[in-house]
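I have opened my notebook for a new entry. Let me look at the ligand to begin with, and then at pairs of charged side chains.

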Amino acid sequence: MAKKTAIRQNLKTLQRHLGAKKDTSESLAGVISAIALAGKSIAEKVRRARIEDVLGDAGEINLHGEVQQKLDVLSNALLLHCLSACPRVGVCASEEEDEPVVVRPWSDGGEFCVLFDPLDGSSNIDVAVSVGTIFSILPALDGPDPAAAVLQPGTRQIAAGYILYGSSVLMVLTTGDGVDMYVLDPSLGEFVLVMERLEIPSASKIYSVNEAYFDLFSPGIQAYLRFAHESGYGSRYVGSMVADVHRTLLKGGVFLYPATTKHPDGKLRLLYEGNPMALVIEQAGGAAATGEQRILEVEPRKLHQRCPVILGSPEEVEHVTRRL
Ligand code: P6P
């Protein structure tokens, strides 16, 4: 299990904890609070989805050719609304938006660029499987084209994390000095700190991959999977990145979405899935690689570019990468 400092007494809300952190400015805390506010609304919509009949697809196809779920569209709108109302947000970029959304220029206080996947794994909602919001916060850039700020490598992230809508609603967040976990307390309507400075187990015999693609994987990935089968590893795969990464963070192991012959860059998006998850895992003492380099060092070329993802316990990631 992840090492943790159990927080029993003097409950700390997200806002109070961020206010006390030396590495978190008031303006950054304001952006994170805006994400938390949107997350509370999304959590309510996800919980009541079947009651309010917002399940199923919205009848639209997004730019990736994927059927947009109604809740994708709603979650995207909630995040854009809450972030646009935050005076320090300059640019937003979303899996559900073709292009970046410029909210306000640097000269008007647009200090941060926020990228997000509003509801990752949304195709699982109809069967009540955990889904999540993934977010990445970069510095905005003072220049003629504010939207250019989205194309920065993951090492430039100021903060990153996810909100998991599961058996409980929780936020995992790093602002560059360790990883903290908050749970939404429904009686308070607040995210409350429950684990501080999480550390991922250095090794754990769990691997998480969609083995249906075995024949499409590279010989190196196939060799790793044979090693795992022969070494008594357990397999866990939810098919919702936030759920699979969260389990990996707490229990250790490795999560893989590698390149295949059909998708040479894998399926997951670099800027709002790979980078934020890589920062969280590295800040918890883990490793996150594409198979060729650290995910955080990939130089982005396009907003929606994909990247292979191999992340988790350092020893488990090494078992994979040494075979590639
Ligand atoms: P596959 C969900 O659709 C998602 O984007 C991620 O949350 C998840 O890790 C991946 O796709 C699952 O993809 O090909 O295994 O169904």
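**Entry 1: the ligand**

I looked up aspartate 120 and found a polar side-chain atom of this residue 2.5 Å from an oxygen atom of the ligand. I call that a polar contact, meaning a pair of N or O atoms within 3.5 Å; within protein, one must be able to donate a hydrogen and the other to accept it, and residues adjacent in sequence count only if both atoms are side-chain atoms.

A note on my source: this is a predicted model, where local features need pLDDT of at least 70 and side-chain atom pairs count only at pLDDT 80 or more, while totals for chains, interfaces and linings use all residues. Residues are numbered from 1 along each chain as its sequence is written, and side-chain values use heavy atoms, with hydrogens and water left out.

Back to the ligand: a polar backbone atom of methionine 241 lies 2.8 Å from a ligand oxygen atom. For lysine 267, a side-chain N or O atom is 2.9 Å from an oxygen atom of the ligand. I then checked the area: the ligand taken alone exposes 390 Å², and the protein buries 82% of that (Shrake-Rupley method, 1.4 Å probe; for residues, only the protein chains shown count as cover).

Which residues surround the ligand? I listed Asp120, Gly121, Asn210, Tyr213, Tyr237, Gly239, Ser240, Met241, Tyr257, Lys267 and Leu268, where a residue counts as near if one of its heavy atoms lies within 4 Å.

**Entry 2: salt bridges**

How many salt bridges does a search of the whole structure find? I noted ten, each a side-chain nitrogen of Lys or Arg within 4 Å of a carboxyl oxygen of Asp or Glu.

One of them joins lysine 40 and glutamate 190, at 4.0 Å from N to O. This pair links distant parts of the chain, 150 residues apart: lysine 40 sits in helix H2 (residues 26-47) and glutamate 190 in strand S11 (residues 190-199). Helices (H or I, at least four residues) and strands (E, at least two) are DSSP runs, numbered from the N terminus.

Next I found arginine 294 in a salt bridge with glutamate 282, their closest N and O atoms 2.7 Å apart. Glu282, Arg294 and Glu297 are linked in a network of salt bridges.
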